[in-house]
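User: Please take me through this model by question and answer, with the criteria behind each term stated as we go.

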Amino acid sequence: MKSTATLTRLLALVGTTTLLTHVVQPVLAQTTPPAQPPAGTLAQPTAVAGAPFTLQSAVNYALEHNLTVRQSQLNAEASKVTQRAGRGALLPTFNLSGSQTWNYGTGLDPLTNDFVSQTIRSNNFSAFSQVTLFSGFQLRNTVKRNALDLQASQGDVEKARNDLSLNVASAYLQLLLSEELIRTNQTRLNSTQQQVERTRKLLKAGSVPESNLLDSQAQLASDELTVITAQNQRDLARLTLIQLLNLDAAGAAAFRIDMPALADPDDQAAYDAEPSAIYETALGLQPDVKAADLRVRSAQMGVDVAKGAYLPRLTFAAGVFTGFSSSRLARVFSGDSTEAVPIPVVRLDNGQFTGFGVLQPRQPRVEFLPAKFSNQLQDNIGRQLQFNLNIPILNGFQARTNVQRAQVTAQQAELQAEQTRLTLRQNIQQAAADALAAQRQFTSSKRQVEALTAAYRNAEIRFNNGLLNGTEFNIAKNNLAGAESTMIQNKYQFIFRRKVLDFYQGRPLAL
């Protein structure tokens, strides 16, 4: 429902033009602007520093500098990081570890498992790798779901650009409307000032009563207030547009807009575009529709991810490890013995025992010294291969609960997609009806202005000749003022609605 709220705010900007105390309720606030077409139809920024902003250059400038658009772009970047993380989960893990430990007193040698009573310094080093061979396709489906979420988030960026585009267009047209109403009210004020001077002269000549002058002066004060009100509305519209463009103080001070000559609605052919045709075109262009469809597919993929918990999980791991212990001793040969050792030998010779000595060969000398660090690392190498199979049997119905939750999420996404389409169709129908109504109302109000203008001129002549009192003359003047204001508002209502419908069809915003 965010799109509907945003669009309501759009027309709230266009419909805040109660510039005259006698002006009818602004037509621009009667309906809700539709959702926005793709920002891809917009050209690159063309605004030149110090030059007046056209509508398209204002839209392009806002798209580059607005913070809301930047925030949506960062959200898309976060989705891209999530996608990379999902792909990385398919790859094997590989880690190295090392440690150094000191054991004091009686303890177990970590390498020989002998109890020793001494201080031992030991080191352990290992390399370990693991890869998931099968996980119920959860990893693969997660990668697919993340890819869909990334595309949906990119659609959100386009939607944010479109929301901003129509906000800028609304504020721009509101500023144009305010400027035109100021010109109209200022012309009316000048006419009233001249009328006061004429009435004062006629009063001195005794042609009119003093009440006519008082009525003219009251009308002058009312017209002055109307001009001030219109100027205030113009300043507010200007501030709104400056804020949307995110201009700094220097840029705001030099801010100007182009004031194009806009054709009257009755100078154009009757707007008879078929809403259903616009809707079919908009379906292929609207980023929020595409994003909603992508989120439906993502939610359906989430169901497959949850169902993967029903299946076994198989992983393979391999490791290499070695270590060093300061208590480990190694046999070291340090040379032969220095003396020959006689060995007594007794032999029976002709019935008699004869004894003699035989020299034993020199024996090697062996010493037990602490084993070298490098030798221990090589001698203590161990290797490991491991397959792990995990078969889910009963886990508190967690897998089933997750599947049901994912199914509900998928149904919610489908309803949201349908609601997005429904809102789009209704907004297009409303915009088309409002455009046609505004065009018809402009034609009617223009005829009304022509008739009231003739009536005002007749009343002015009678007033100057003293045949009409000031109250009746002011009524005729205010009736004309109200009709002129209504005609101007209908004109800008038609222009805005026409631009919205054009934008739905992929056409750029330009006047």
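**Salt bridges, sheet and surface**

User: How many salt bridges are counted?
Analyst: This is a predicted model, in which local features need pLDDT of at least 70 and side-chain atom pairs count only at pLDDT 80 or more, while totals for chains, interfaces and linings use all residues. Residues are numbered from 1 along each chain as its sequence is written, and side-chain values use heavy atoms, with hydrogens and water left out. If a salt bridge is taken as a side-chain nitrogen of Lys or Arg within 4 Å of a carboxyl oxygen of Asp or Glu, the count comes to 13.

User: Are lysine 159 and aspartate 163 buried or exposed?
Analyst: Their side chains meet in a salt bridge, with 3.0 Å from N to O. Because lysine 159 and aspartate 163 are four residues apart in helix α4, about one helical turn separates them; helices (H or I, at least four residues) and strands (E, at least two) are DSSP runs numbered from the N terminus. On a scale where buried means under 20% relative accessible area, exposed over 50% and partly exposed in between (1.4 Å probe, protein chains only), both residues are buried.

User: At what relative accessibility does arginine 200 count as partly exposed?
Analyst: Arginine 200 forms a salt bridge with glutamate 197, the closest N and O atoms being 3.1 Å apart, and both lie in helix α4, three residues apart. Glutamate 197 counts as partly exposed because its relative accessibility is 43%. Arginine 200 falls in that class too, at 28%.

User: What distance separates the C-alpha atoms of arginine 121 and phenylalanine 324?
Analyst: Arginine 121 lies in strand β4 and counts as partly exposed because its relative accessibility is 27%. Not counting residues up to four places away in sequence, arginine 121 touches Gln100, Thr101, Trp102, Phe324, Ser325 and Ser326, contact meaning heavy atoms within 4.5 Å. Although arginine 121 and phenylalanine 324 are 203 residues apart along the chain, their C-alpha atoms are separated by 8.0 Å.

User: What is the area of the nonpolar surface patch that includes Leu389?
Analyst: Leucine 389 has its place in strand β10 (residues 382-390) and counts as exposed because its relative accessibility is 57%. Patches are made of residues with over 30% relative accessible area and no salt bridge, like charges being joined within 9 Å and nonpolar side chains (Val, Leu, Ile, Met, Phe, Trp, Tyr) within 5 Å, and accessible areas come from the Shrake-Rupley method with a 1.4 Å probe, only the protein chains shown counting as cover for residues. Together, Leu389, Ile391, Ile393, Leu394 and Phe397 make a patch of about 600 Å².
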